[in-house]
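Here are my notes for you, point by point. Keep the model open while you read, and look up each residue as it comes along.

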There are 2 protein chains.
Amino acid sequence: MLHIRKATGDDAANIVELIRQLADYEREADAVKITIEDVIAHGFGPTPFFECLIAEWEGALAGFALYFFNYSTWEGAPGLYLEDLFVSPEYRGRGIGKSLMIRLAGVARDRGCTRFQWQVLDWNKSAIEFYESIGAFHLKEWYTYRMESDAIGRLARQSADQ
Amino acid sequence: MLHIRKATGDDAANIVELIRQLADYEREADAVKITIEDVIAHGFGPTPFFECLIAEWEGALAGFALYFFNYSTWEGAPGLYLEDLFVSPEYRGRGIGKSLMIRLAGVARDRGCTRFQWQVLDWNKSAIEFYESIGAFHLKEWYTYRMESDAIGRLARQSADQ
């Protein structure tokens, strides 16, 4: 029934399709700029930026988990960071999301990661409940800050003034 | 006066020292487990988990920035993630933190990153004010969730039941 496997370059179109479905669920469909070429170049080249698991149900594409490794300077160890976890609406209620999380926990353990981390939208109560049920906790006191391309460019240009 | 350079394996002891100073500032000195050996193995081996900039003032160790690359599936591009930014108390007020941020923005731009991101403790008002002054914004709607070693192990072991 359920088969979870490591993605290959041949999955690039499937990965883009699932990213689009996820962005649509997050009410941000217009935000997706990634192309099949990006997925191949960034995920399946000599120094990939990410790894990906594909979930199939009776051979049909059902979901995915896209992740990479970060680093904790307190732990002195890598961590697994889950960027995207998604199960298509028609395949929900079969434990596929939990099976993907179990596989990811195995990857984290096998690669010496002492932390497994991700972000969730504040309104996604069912996801939050699920995450807490498997032993995750909310890092309430850490605020995430982001700078986007325009601000990055403006700040980088100040180096000439120094 | 100020000199910012890429760290090498010879800086491992300096990096551990600065991580300890930072953890002390964050009121979590006991949380630091990283060793000089960890820094060499994880930062300066064939496939490093992080990169690091060292700030020197008149040749003396003054601060550091430790970072790595993540990946945005919406952007289809890598991002720069700043894990640690720290200037020793005796070297503050000289623009060293801002100079490190300018250098990091240059790294982000040169490596094709469309996002530059980090986390800050909610009580660190002066840092938050500084980050907002250089064009960063708080990602309020994204909650960070974490699972630590014990929970990772418990979840990973469930694979045997499937």
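1. Start in chain A of this predicted model, where A:Arg5, A:Asp11 and A:Glu56 are joined in a network of salt bridges. A salt bridge here is a side-chain nitrogen of Lys or Arg within 4 Å of a carboxyl oxygen of Asp or Glu. Side chains of opposite charge can pair when their charged atoms come close.

2. Now zoom in on one link of that network. A:Arg5 and A:Glu56 meet through their side chains at 3.1 Å, N to O. A:Arg5 sits in strand 1 (residues 2-6) of chain A and A:Glu56 in strand 2 (residues 51-57), so this pair links distant parts of the chain, 51 residues apart. Helices (H or I, at least four residues) and strands (E, at least two) are DSSP runs, numbered from the N terminus. A:Glu56 is buried, with a relative accessible area of 16%, whereas A:Arg5 is partly exposed at 22%. The cut-offs are under 20% relative accessible area for buried, over 50% for exposed, and partly exposed in between (1.4 Å probe, protein chains only).

3. Which other pair ties strand 1 of chain A to strand 2? The side chains of A:Glu51 and A:Lys6 form a salt bridge at 3.4 Å, N to O. A:Glu51 is in strand 2 and A:Lys6 in strand 1, so parts that are 45 residues apart in sequence are tied together. A:Glu51 is buried at 19%, and A:Lys6 is partly exposed at 42%.

4. Over in chain B, B:Arg5 has a salt bridge with B:Asp11, with the closest N and O atoms 2.9 Å apart. B:Asp11 is buried, at 4% relative accessibility. Over all chains, the count comes to 13 salt bridges.

5. How are the two chains related? Chain B can be laid on chain A with an RMSD of 0.0 Å by a turn of 180 degrees and a shift of 0.0 Å along the axis. The two copies are thus related as by a two-fold rotation axis. The superposition is by least squares on the C-alpha atoms of residues with pLDDT of at least 70 in both copies. In chain B, the C-alpha nearest the axis belongs to B:Asn70, 3.7 Å from it.

6. What about the cysteines? There are zero disulfides over all chains, a disulfide being a pair of cysteine sulfur atoms within 2.5 Å. The sulfur of B:Cys113 is 17 Å from the closest cysteine sulfur, in B:Cys52, which is too far for a bond. B:Cys113 is buried, at 6% relative accessibility.

7. Some bookkeeping. Residues are numbered from 1 along each chain as its sequence is written, and chains are lettered from A and ligands numbered from 1 in the order in which they are written. Local features need pLDDT of at least 70, side-chain atom pairs count only at pLDDT 80 or more, totals for chains, interfaces and linings use all residues, and side-chain values use heavy atoms, leaving out hydrogens and water.
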